[in-house]
Each structure stands twice: as C-alpha cells, then as structure tokens.
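Hello,

Here is the structure I promised to pass on to you. Please have it open while you read, and my notes come just below.

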Amino acid sequence: VQLVESGGGLVQAGGSLRLSCVASEETFYSLGWFRQAPGKDRDFVAAINWSGSSIAYADSVKGRFTISRDNKKNAVYLQMNMLKPEDSAVYYCCADRAFNKISRNQPADYWGQGTQVTVSS
C-alpha cells in the first residue's frame, strides 16, 4: 500500500489546515496520522478504523483535530483547527491492520512520505 499526503503548509496560530492522504489501493486497514518535530520522536496524532466506529486522538489535539475517512476514495483526512506553534511538524499518514497498534503509538506497517505543517506565532 502506498500512501500520499497533501495539504500541509504555513498557517498562523489559530488557523486551520486540512491534511489528506490517499492510498494506492482499496484497503480495509486502519488509518492514522503521526507527526515528528525536529529533534523529537514521531508521535501518534489520530487513528480511525475501517468502519469509522473506532477513533482515537492524542491528548494534545483532542477538541482541535478531527480525523475522518472516505473508503470510496481510499482516503483519510485530518482537519486541524485552532493550530498552535507546537503543532509544527512533518505529518505522516500511516496504515495498519491493527487499530490499537496505531493508537498506542507503535510503528505502522505502511507510511507516507510526510507533509510539512508550520504554524507561526
């Protein structure tokens, strides 16, 4: 499975961005987003299972970020609102058979190349 992210960019604090990730094939995998800031580990952001019945967020983004997916388009989205400078990072889309693997901050089976998000203060 190949994953391609888009939608990153530069935004002022308090602004919004919507990230998209499209898979190369139909997948029944859980999908998620991680992020990595310079000098830091890659950390879990959000995850959603195939049906959308299970969703998880990192505490740092709860109430501000929303993950969703469109299985007809093989896509997953991350709507990011009320962005803060500390949200600046490279955001990676991922896919794995196990929802709990993604939501527990464990490396997924498949990764995208990442998209840069920069939030200015």
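First, some ground rules. This is a predicted model, so please keep in mind that local features need pLDDT of at least 70, side-chain atom pairs count only at pLDDT 80 or more, and totals for chains, interfaces and linings use all residues. Residues are numbered from 1 along each chain as its sequence is written, and side-chain values use heavy atoms, with hydrogens and water left out.

**The disulfide**

Searching the whole structure turns up one disulfide (a pair of cysteine sulfur atoms within 2.5 Å). The partners are Cys21 and Cys93, with an S to S distance of 2.1 Å. Cys21 belongs to strand S3 (residues 17-23) and Cys93 to strand S9 (residues 89-96), so the bond ties together parts that are 72 residues apart in sequence. Strands (E, at least two residues) and helices (H or I, at least four) are DSSP runs, numbered from the N terminus. The link between Cys21 and Cys93 is left-handed, with -80° about the S-S bond. Both Cys21 and Cys93 are buried; for accessibility, buried means under 20% relative accessible area, exposed means over 50%, and partly exposed is in between (1.4 Å probe, protein chains only). Cys94, in contrast, is in no disulfide, and the nearest cysteine sulfur, that of Cys93, is 6.3 Å away. Cys94 is buried too, at a relative accessible area of 0%.

**The core**

A nonpolar core here is a set of buried Ala, Val, Leu, Ile, Met, Phe, Trp, Tyr and Cys residues joined through side-chain atoms within 4.5 Å. The largest one has 34 residues, and those touching the most other members are Trp33, Val45, Phe65, Val76, Leu78, Met80 and Tyr91. At least two residues of this core come from each of S3, strand S4 (30-36), strand S5 (42-48), strand S7 (65-70), strand S8 (75-80), S9, helix H1 (99-103) and strand S11 (115-120). Contact means heavy atoms within 4.5 Å.

**Pocket and cavity**

Both come from a 1 Å grid over the protein atoms alone: a cavity is a set of points where a 1.4 Å probe fits but cannot get out, a pocket is an open set with protein on both sides within 12 Å along at least five of seven lines, and lining residues have an atom within 4 Å of a point. Grid points are joined across faces, edges and corners, and a volume is the space filled by probe spheres set on the points.

The largest pocket holds about 150 Å³ of space. Its lining is made up of Arg35, Gln36, Ala37, Lys40, Asp41, Asp43, Phe44, Ser60, Glu86, Ser88 and Ala89, with S4 and S5 each giving at least two residues. By class, that lining has three nonpolar, three polar and five charged residues. Ala, Val, Leu, Ile, Met, Phe, Trp, Tyr, Cys and Pro count as nonpolar, Asp, Glu, Lys and Arg as charged, and the others, Gly among them, as polar.

There is one cavity of 30 Å³ or more in the whole structure. The largest cavity is lined by Thr27, Leu31, Trp50, Arg69, Asp70, Asn71, Asn74 and Ala75.

**A few single residues**

Phe34 sits in strand S4 and is buried, with a relative accessible area of 2%. Not counting residues up to four places away in sequence, Phe34 touches a list of residues including Phe44, Tyr92, Cys94, Asn105 and Trp111. Asn105 is in the loop between H1 and strand S10 (110-111) and is partly exposed, at 38%. The C-alpha atoms of Asn105 and Phe34 are 8.4 Å apart in space, although the two residues are 71 apart in sequence.

Which residues are found in the loop between S6 and S7? Val61 and Arg64 are among them. Val61 counts as buried at 1% relative accessibility, and beyond its neighbours within four places in sequence Val61 is in contact with Arg35 and Val45. Arg64 is buried as well, with a relative accessible area of 8%. With residues up to four places away left out, Arg64 touches Gln79, Met80, Asn81, Met82, Leu83, Lys84 and Asp87.

Best wishes
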